[in-house]
Structures are given as C-alpha cells and as structure tokens.
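Please read them alongside the sequence and the coordinates.

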Amino acid sequence: MTTAAIVIPRRRPWTGAIELLGQLVLRPAGLVGLAILLVLTALSIAPSFFVGPIQTAVTATGPRLSPPSIDFLLGTDQLGRSMLNLTVHGTRISMVIGLIATVITVLIGAVIGIVSGYVGGRLDAVLMRITDFFLVLPTFVLALILTPIIRDLVGNATAEVFGIRMTLIVIIVVIGITSWASTARIIRSQTLSIRERAFVDRARVIGAGGGHIMRRHVLPNVINLIVANAVLTFAGAVLTETTLSFVGLGDPFQPSWGQLLEAARAVGAPGLGAWWYFVPPGVGIVLVVLAFTLVGSALDDLLNPRRRRAP
Amino acid sequence: MNRSTLRARGARILMSAGLAFAAIGPATAPVAAADPLVLNAGTDQDLQVLNPFSSVVVADFEAFTLNYDTLVGWGQDLEPVPGFAESWAQDGNTWTFKIRSGMKWSDGQPATAEDAAYSIQLVLDATAKSDASADGYYLGQGYLEAYITNAGVTAVSVPDPETLVVTTEFENQLILEAYLPILPKHVWSKYSLDEIASATGATPYTNEPPVVGTGPYQAVEWKPGEFIRFARNPNYWGLQGAADEVIIHHFSSPDTMVAALKTGEIDYVRGVLADQFDALKNEPGIETVEGVSNGYSQIAFNTKGNTDGYKGSTSALTDPAFRVALAWAIDQNKLVDATLGGYGEPGTTIIPPFHTRWHVEPDASIARTFDIDKANTLLDAAGYKKDGQGRRLDKEGNPIVLRVTWPDSEAQHSTDAEFIQGWWGKLGVGVDAYVTEEGKLIEDVTPPPGGPANFDVEIWGWVGDPDPTSLLDFLRTDQIGGSSDSFYSNPEYDQLFLDQRAESDPVTRKADIAQMQQLVYRDAPYIILYYDSELHAYRTDKFTNWTIQPSVGGTPLFGYGPRGYTFLQAISAATPAPAASPDAGSTPTPSASGSGSSSSGDITPVIIGGVIIVVIVGGVLLLRRRGSVSDEE
Amino acid sequence: MGGRFLGRKAASAAITILAIILVNFLLFRLMPGSPERIILRGVPNVTEQQRVALRERWGLNDPIFPDQFVKYLGATATGDLGYSFVARGQTVAAVIGQRIGPTLLLFGLGEILAILIGLALGAYSGWKRGTAVDYVGNGISLVLYSTPYFLLGMALLLVFSTGLRWFPTFGMLTAGRIYASPLDLLADLAFHLTLPLLTVSLGLVGQYSILMRSSIVETLSEDYVTTARAMGLQDGRVLTGHALPNALLPTVSLVAINLGYVIAGAITVEVVFNWPGLGTLAVEALTARDYPVLQGVFLLLSISVVLANLLADVVYGFLDPRVRT
C-alpha cells in the first residue's frame, strides 16, 4: 500500500467540499455519475411523489404479468402490481440499504484505520491482523452464514428501525461488518504519513492528547479519502444486497431491486419473456453501481492521483 | 405413500434464466436417436438418499419405487394390484400373500417370500427395539414404519418360498396400502439394523448404485445434485417400458428446467410454475398435465394459545369461535388466483378431493364463505370488543396482534400472509407477518416440554398417501409433541381415528372419516387455504402412451409406483434428426449391463492440472520478464 | 529472498487460517434452531427421548469448551467435516469433493481468459488515454464491472441457449453419455462450458481492465517512460518493453487479493447454469440449511483465498525486493 501526500491540511470543510464538487463536475465521469445519482436520489427521497404509495398484493389493480401499457408503463408483476411503482420504491430501499451499510463500513474502517495508524505499536499489529483476516475472508460466503444466524439472535423479525424491517437491518449489518477491512487499510496508511507531519508534531509538543489529535488533526486530513472510499463502498453494498436477496435471503415485504429480481426468477419471468419484470430492477442496479463507481474513481483521482486501487 | 413430510415439496427454487423469444424456430428435436433410448425427466427436487428408510422428498420415493416393488402395488385408480405378491387373501387377522413363482432380483438371485418377510421383520424389529429402549430408535427417517404399525402387523412367517403369512392385531386392510419396498435379503441382511436405521450418524448403509431390486429400472449411477441414472431391469416381471434408461435430473432453477424441456434436452418435467404452465400449453409438441394434489396448504393456529406454558400471544387462540371468525375473513378464491396463479382449489376439509372415496365437503350448517361483516359480527358475539382505536381486545383486555409466519422453504406464502394481513386488519386484528428459517420454525412450533410453542399462526402444508390415514394423523392428541403443529386435542376425534383404522367396511369407515373432517372444519385448528395442483409437462416426440394415475386428476410420472414408466412406448418411426450438439460422434453402449461406466470425472483432473500449470508458468514468465526489465534499468 | 519475509507471511497466513477455523466452530454453535432439531427435521413422531439420544450421540451435551472444541479441532485437522444433513449418510468431505473439480475448471479458465482479455483491453485503453477507443473500452469495462454476474448469465442463457439454441441450458456433461474417446468427452464438456465460461470471463474482465488501465496511465507518467519516449523509442516498444511489464506487477497481484470478491459472483453464475460446482452446492446447502456442508464450503473457500494471497505475496516479494520490509 503506497502512501501519497494529501494536499489540504486543516481547511474549512465546506469550501473544500464545494471546490471538490466543482472539480468533479468538470470531469466527464464525475458529471455523468453525479447526474445519475441526482435522479436516483430524488426518486428515493420521495418515491410516493412520483408513483404514489407502494403497491401491495392487496392494493394491486393490474392484471397478472401484463406487458407495458398506457396504464402500466413498465408492466405488472404476478400480483398485478405496477413494476414502475415497485422499481421506484425499490430505488429507495436499495439506496437506504447501501447508505446505512456504507456508514457502518466507513465508521468501522475509519476508526480502526486512524487509531491503528496513529497509535501504532502492538495495537496496530493486532488491529491489522484482524483487518487482514476480514480482508482475505470471502465476505459473501460469510454473509451467507451470518445472515440467518444474526436474524435468529435479534429475534422477532417484525420489529422496525427507521421504518426498515429487522430482516433488512440484519442484511445491512452483515454487509457492514464484512466489508470494512479495505477502508481501514487505506485510512491507516494515510494516517501513518500524516502522523509524521510537522503540524501534528507541533500539536503534540504543545501537549495535545492522542484523542484530540486524531479528531482535530488526523480526521480532517483523511476525510476526503474517507468520502471517496465511502462512495465506492456504496456500490459494493448495493451489489452485495442484490446478490444476497437473489439467493433468497431478502425480505419479500420490502421490494429492493435484488428482491424484485429474485421474485422475477421465482415466477420464471425470464423464460416467460416477461422482460419488464427483471429489466427495470436490473438496469437500476447497473446504473447505481456505475454511477457510484464513476464518482468514486473520479474523486479518487482528484484526491489521490497516484494511488491505484481495485475498483 | 407417505410423503407427509413438512411439505418437502421442493427445495425453494433457486435461480432462473432463459427467455424463449417469440421468434424461435420450431423446437429442435431431441438427441440420442440410437440405443439406448433414454427417458430424461426433470424435477425441482434433488434426490437425497437411495436407502428407502431415509426417504423424505418425492424424488426419494420415486427412486425407490423404480428400484423396488411394494408387497402390493397401486393400480390405475390406486386400487390394490399385484406387486411383489401376485395375489392375497384375508381371513380375519391373518393375511396370506402368494409370491410370484420364478421371480428374480435384478442380479439374478431368486426373489421369494423370504425377502418380503425380511423387509417387514426389519420394521418390526426396529419398532420392538424402540419400544424396549428409551433411546428413541427408529428406521432411517421413520416414515415407512407407520405403515406397518398402523396396519397393526404383529408377525410374519414363511410357510414356503411362495407364501407369506402376515398376522395383524386387529382386522383391517391397511397392509394393502403399505408403502414398504421389498428388499433383497441377500444384499441387505449383510448390514445390521443399526446400519440400515441410522439417519444421522455412525456408518449408515447408503445403498449405493448399482442397486439390486425387482422394480422395472435399477439405479446405476448417481451424481448427487445432478442426476440419477437407472437402467432397465431385464428380470422385471411386469411390462417392460420402451425406455432403456431413465435419468431423473435435478434442476435448481425452474426456468432452466422448462427451457430444457423446450429444447428437448429432457422429456418430462415435474414442478412447473403457474405462468410457465400457461405458456407451455401453447407450445407445440408439449403436453401439459394439471394433477390434483394429494395435499394442502393450511393455516395452523397455536390452539393452546398462552396457556399451559405455551407461548402464543393471546388466549383468544384457544377459542374455536375466534378461529372460525378469522376463517370467515379469508378470501380463498383470491389466494388461489394470486398465489397459485389459479392452479388449485380453495380448501375446505383436511382430506383433499384427490381422495374421491373419502373427501367430504363441510355440512351446510358450518360451511363458510368470504364475508368480513359476518366475521366482525361473530367476533362481537364471541365477546371480542374493539377499543377506541378499533383494535380487537382479547378476554384479558389486550389488543390482539397475531404473529403470522411461514417457513423460508415455502416463500410463496408471503403473498398469502400479505392478503391475510389486509383482511384481518379489517376485523381490528393486527398481523405481524414474517418468514422464519425452516429449522427455527420447527423448533418454534414444538410444544412444551421439548420446545416453546412460540407462534400464533403458521402457514405450511402436508402431502398424503393413497390412504388417508396419514393426513388424519396430525390432528390427534397423541401427536402433540410429534407431528401436530396445532396442538388440537379432541377425544371424539382421537376415538374416530382408531375406529376408522380398524374398520373393514368401507361405508362405515367413510362415515368415520367424514365425521373427522367435519370436526376439524368446525373447530378450525387448521384453516385449509387451498389444495394446490401438481403441474407437469412432457414432450410427445419421443415417447407415447403416457398414462395418468389416477384416471382423474393424476399425472403420468411421479405418482404411486412405477406404472407410468412401464406403459411408455417409443415413437421409433419418427426418429428425429440430431440437434445442434456434438453428440453425434458418441457411441452409446447397451445399458442393460448397468455398468454405469459413463466417465464424467475422468478428464477433469487433467484439465484442471493443465489450467494450474498454465497459470503458474504464465505468471512466473510474466513476472520474470518484469524482473529482467528492471535489471536492465 | 529472505527467510524472515517468507516466515512472517506464512505465520500470518497460519494465524488467519486458525482464526477461520475458530470462527467456523463458533458459527456452528450459534446456528438458528438447535442442531438436533435440524437433524431431525422432517422426522414424524419424534419423541423427547429421541432428541436426548441424538444430542448424546452427537456430543451436544458435552461442554462447548474444551470438550466440543477439542473434538472439532481434531476432526477438522483430519479432514472429517461431519455428515451432510440433506444427503443423509454422506460425509461433508465426500459431498464437497465431488464439486471442487467443476468449480476449479470453470473459474481457472475464466480467470485466465479474463486476465488475458482484461489486461489487453485495459492496457490498450490506457495507452490510448483520452481517445474514443479509451472511452469505449473503459465504458464497456465499467458497465461489465457494474453488472451482477447472474444478470450477465441470465442474458447469455436467454439469447444463446433458449433463444438461438446454440448451447445446452444446464449441466457440465450430458448425463449418462458413454464417450467413445476422451476427445468426445472434451467436445461435450466444451459445449456445456462455453456460456458459463463466457459469463465468468465477462464478469471479471471489467475490473481487470480498469485496474490495468489505471496502472498503465500511471506508469506512463513515470520519468523513465517519458525518457524512453523522448529518446525516440517507438511507441510500441515503449508499451511492451517498459510500461506494460511495470504495470503488470501490481495488477496481477491484485488478482489474488480479489479472489475473495470473485467468489460471490461465482456462486450465482453456477446456479444460473446448473453447474455442478461449489457455488451451486453452497446455495443448495443454504436453502436446505445443510449447515455442515455450508461450513465445509466456507472453510474450503476461505482457506483457498488465504493460500492464494500467501502465494501472491511470496511471488510479489520474490520479484520486487522493495516490499520485503
């Protein structure tokens, strides 16, 4: 893991963020990615504004598996629900899953990375051993096993957190705890280089404590890196949720895109030629992953032109 | 046949693929014009075992009924027909079976009454051992013993090699319905009861291919997860089917399975989905069969509620009036349409219409329809008042919120639950709907002292036998702690069960069984949601004379016994051209030898080895190159 | 290369493997539904006595530590992973053993193809940075990278198998065929392998190409490449002689690191094509809650990834002394 200099020590975050956004828009990849994200975000903030409240088996009005028509622009599923309605509401669910999983991932990754890098020594060795363990572990297989177990441990599946059913929360947590390792690695190497800088030394000399330095000096200097990393993590989280849903670990009552694909598969939609059942959620997934990857690598490029990483 | 597992009706379907574009040309013809003539069947279930005592899923039963004969077989309409025994006679508690003379096992050894006696004795020994010791002994998965136990068999004897005498405890006919394969004594007696019985540990006898049996086809090759291949048994005593080989393939994706049927890679499919079935109806060269299921999907209430240490959420669950009121608020026709795509019938009593001889409809005085108002009236009348927010309160004054759950292996019930949530909501009864992992659910529905009985309402299903006994069994008091998942307990019902079992007169027996159906309908420990159909389809270009069993509502294969396979005839005149496949170069050998020498795995290690070598050599070369480049610098 | 370096890497891998084995043990104890319930699933008329007997037979009444743990370690070390719940009477080792070959074949070949195509595409895009070729090449890579494997697989199956009927829809070999010669077998295998292999390769190509492209772009900005160009070396020679080899090293080492991520996609591809490999097995075991098999698959895959990483580290260290610190 090579380390590069971060250019911006201690700045007011807002100017930095706006400047960054400006630079991002100037890059075609960043612009396209941001545009897609803007649309998806709008859809997921107020899906009901665009397509009305989410349709259920009870409120469905359409015929069974009908192709796109004037009444149902993207056709219907086997319960007569509008695919447009489901896909748009699915945007929200998939984005929320991605968002929370990313927050968990980045939080764990950043804390471990900063502490490990700053404190160093034995703690660093132990933390990095754990990180290595999660880094090489095939996280998806671990998630396969963890999901039913955690679901059992948290008990009653109908409890809700932020309006999200427990079953989904479990998936989110599993994604979070299985994918923070690479973030921790990257943040750690950045922290290592910052620790050696003059302004950190100065702070230490005037008697600042470790916690203070990490919060006030290290964190602001790795925050951009954290953001860039978070964006890429988001894409991965959406993909993982899709795959977990696809093998049957999703929640049928909350139609994320992965869950919609799984439902389409369950009724044999591809073989029936019911393309409208799986194309919209499929396109949604590709778009969101693509957008986040574009923005993420553009950011990465801007902040850190010399560092290479796996997408 | 006792397939009455907790609906081992099919591993959840796993995956999908394959869109038949409207513009596809006519179906390409199937391969393998040359010998051997292979019948390729597809099912969504994976074969799990070849030891009949460990059989659970339909695929397991299908495999052992091809390998072995039962003592008595099932005919066109499930009537008793010659099986291992040619004829039989009953004299009170004594049955005398005449075993076919000159019959041989597939390995050429004579098949005699000794073999039949051995097979039944195996079960008697296991039962005796179980009764004598407290260590819970049973044969394999324990399904097959019930046939012998319910028939009240106490002893078997062999006066001569062609005669088998069976003594029963009480006069009854159930021995004719026993789904017990007759096994070759000269093969199986090499193994101890422990080895044959072990379902779980130690060194179980797995009955690996090639299997020795008297059935029409013998298993010769098994690739778990992929297929099981059977070769013709030239010694079979009955009709020889046209197929030289039968291969039953497992598909984890119904979409791939139906695609394979369309391309002619397989000839028969079991477990087609509703919408696929609709589409297949219009496919040329393919026939669809909608069979009536010998089973049902039900809502089971935790009828002990929160009493006696059971962990139901409300005492209302113990009240038949409450359960009946909820049953009025279920639109079963809607569920058949939405969940089954119309392929099924709304359910009424616990014996499905498949059992034409035994099924009755509920009496007019207790029959229910879908009527929310009526349900509300009934709840009011039964003393379940609403609070200010419109929530129903139980007798203790707590709002009623029922937990409705179903196993993850039956994902389709989420649709049922969603509807029920809506309908019961109109009664002021709250519904928490969630899926539960199957193993966990089994634990949840286990009653004290073994488990918590921690559920309110469970959606699941059962599948029955040619005889209705097993479907009547689950609601007996004796089954609480066993297979009962409603904890229904009614002494009248329990007595009727024993009466009908020992009843030789079909008319009296029917009266008993009818009364049992009415009792359960009236008390509603179960609400039978629907009887789902069996959807099968087959190609007509390779075999003909597909025969369904039973004549009304039956299916050609995966029925009761191997009849369907033996009736098949080849369409030899219309030998189709080979499809676009490299199969043309193959030279299949006659299969009767059952050598099972198809060497699928032979070359794989070589290829893998090659791959690894290429990777390593390639990698090293590439990197070496880099090394030398940097040296130059 | 220094023995210390090798020793440290090996020790670290060993610790990781031990941790995996420990996690495997703990997960088994946390499983939903008590184990004997799952084992007895589908057994009618089961009595309390039978359950007690089964707990006894499986040693579930012993204290978890140390009795059960020691027993588990011993069994795992000897390759005894217990019995499958579903395929009753078969050991987990036997069940898994049958599935390793097909998976190695599919993903070994898939990786090779993807590396070759991906690296070539990435290198070319990077070399032609900013041109139309770059935009198209990089665009394709990005879209492929963003597409879940199973969607790719479904699309290919739909078009080439059920649509055009060029390839079979399922399996690895035609069931029950007797082959006249190994060549016949190979042909049948290739016939079945084409679509799954294509899916795997396409799924992987995206990330390798993106990696390679950024590697090349970076390398091209290095002084020595600029110098080589300034000295009048032909562009082609600069690419193959200087830029490519230098960009290859990090990319190839990332292949091993990415192995863990590839597995998720691998699982779904196998299921789409009914490919009789470990992925299909894992999903079947998950569906049937065949925990011993699931644990076995987890153990096998995790340890392979650790070993692959160790191998990559060693090779990398062997060739690039700078990392040997």
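**Notes on the predicted model**

1. What covers the buried residues of helix H9(B) includes helix H7 (274-280), strand S14 (344-346), helix H11 (413-425) and strand S18 (526-532) of chain B, where contact means that two C-beta atoms, placed from the backbone, lie within 7 Å. The residues of H9 (332-340) of chain B that count as buried are Gln332(B), Leu335(B), Val336(B), Ala338(B), Thr339(B) and Leu340(B); a residue is buried if 20 or more other C-beta atoms lie within 10 Å of its own, exposed if 12 or fewer, and partly exposed in between, with C-beta atoms placed from the backbone. Just after H9(B), Gly341(B) adopts a positive phi of about 60°.

2. On conventions, this is a predicted model, in which local features need pLDDT of at least 70 and side-chain atom pairs count only at pLDDT 80 or more, while totals for chains, interfaces and linings use all residues. Residues are numbered from 1 along each chain as its sequence is written, and chains are lettered from A and ligands numbered from 1 in the order in which they are written. Helices (H or I, at least four residues) and strands (E, at least two) are DSSP runs, numbered from the N terminus.

3. Helix H8 (residues 320-328) of chain B is largely enclosed by the rest of the structure, because seven of its nine residues are buried. Those residues are Phe322(B), Arg323(B), Val324(B), Ala325(B), Leu326(B), Ala327(B) and Trp328(B). The buried residues of H8(B) pack against strand S13 (295-301), helix H10 (372-381), H11 and S18 of chain B.

4. Chain B also holds an open sheet of seven strands, with mixed pairing and the order S8-S9-S10-S1-S11-S19-S12; two strands pair if DSSP finds at least two bridges between them. Strand S8 (217-223) and strand S12 (286-291) of chain B stand at the edges with a single partner strand each, so one side of each is left without a neighbour in the sheet. Neighbouring strands of this sheet are turned by 20° against each other on average, direction ignored. Within the sheet, strand S1 (residues 38-43) and strand S11 (residues 268-270) of chain B run parallel and are joined by three bridges, and Thr43(B) stands opposite Arg270(B) in S11(B). Helix H1 (residues 58-67) of chain B lies across S1, S8, strand S9 (227-232) and strand S10 (245-250) of chain B, running at about 135° to S8(B).

5. Strand S7 (residues 163-168) of chain B has a covered face formed by Leu164(B), Val166(B) and Thr168(B), and an uncovered one formed by Thr163(B), Val165(B) and Thr167(B). S7(B) pairs in the antiparallel sense, over five bridges, with strand S5 (residues 94-99) of chain B, where Phe97(B) stands opposite Leu164(B). Strand S6 (residues 153-160) of chain B also pairs with S7(B) in the antiparallel sense over five bridges, and the bridge partner of Val153(B) is Thr168(B). A hairpin joins S6(B) to S7(B) through two residues.

6. Chain C has 12 helices and zero strands, and 55% of its 325 residues count as buried. Among its contacts between residues at least 6 apart in sequence, 71% join residues at least 24 apart. Helix H5 (residues 92-127) and helix H11 (residues 278-287) of chain C pack at an angle of about 135°, with their axes 8 Å apart; axes are lines fitted to C-alpha atoms, for helices over the stretch in contact, and angles run from 0 to 180 degrees between N-to-C directions. That makes H5(C) oblique to H11(C), given that angles under 35 degrees count as roughly parallel, over 145 as roughly antiparallel, 65 to 115 as roughly perpendicular and the rest as oblique. Ile96(C), Arg99(C), Ile100(C) and Thr103(C) of H5(C) meet Leu278(C), Gly279(C) and Leu281(C) of H11(C).

7. The mean pLDDT of chain A is 80, with 87% of its residues reaching 70 or more; pLDDT is the predictor's confidence in each residue, from 0 to 100. Over residues 1-11 of chain A the pLDDT is below 50, and this stretch has 18 contacts in the model beyond near neighbours in sequence. Where pLDDT is low, the predicted coordinates should not be read in detail.
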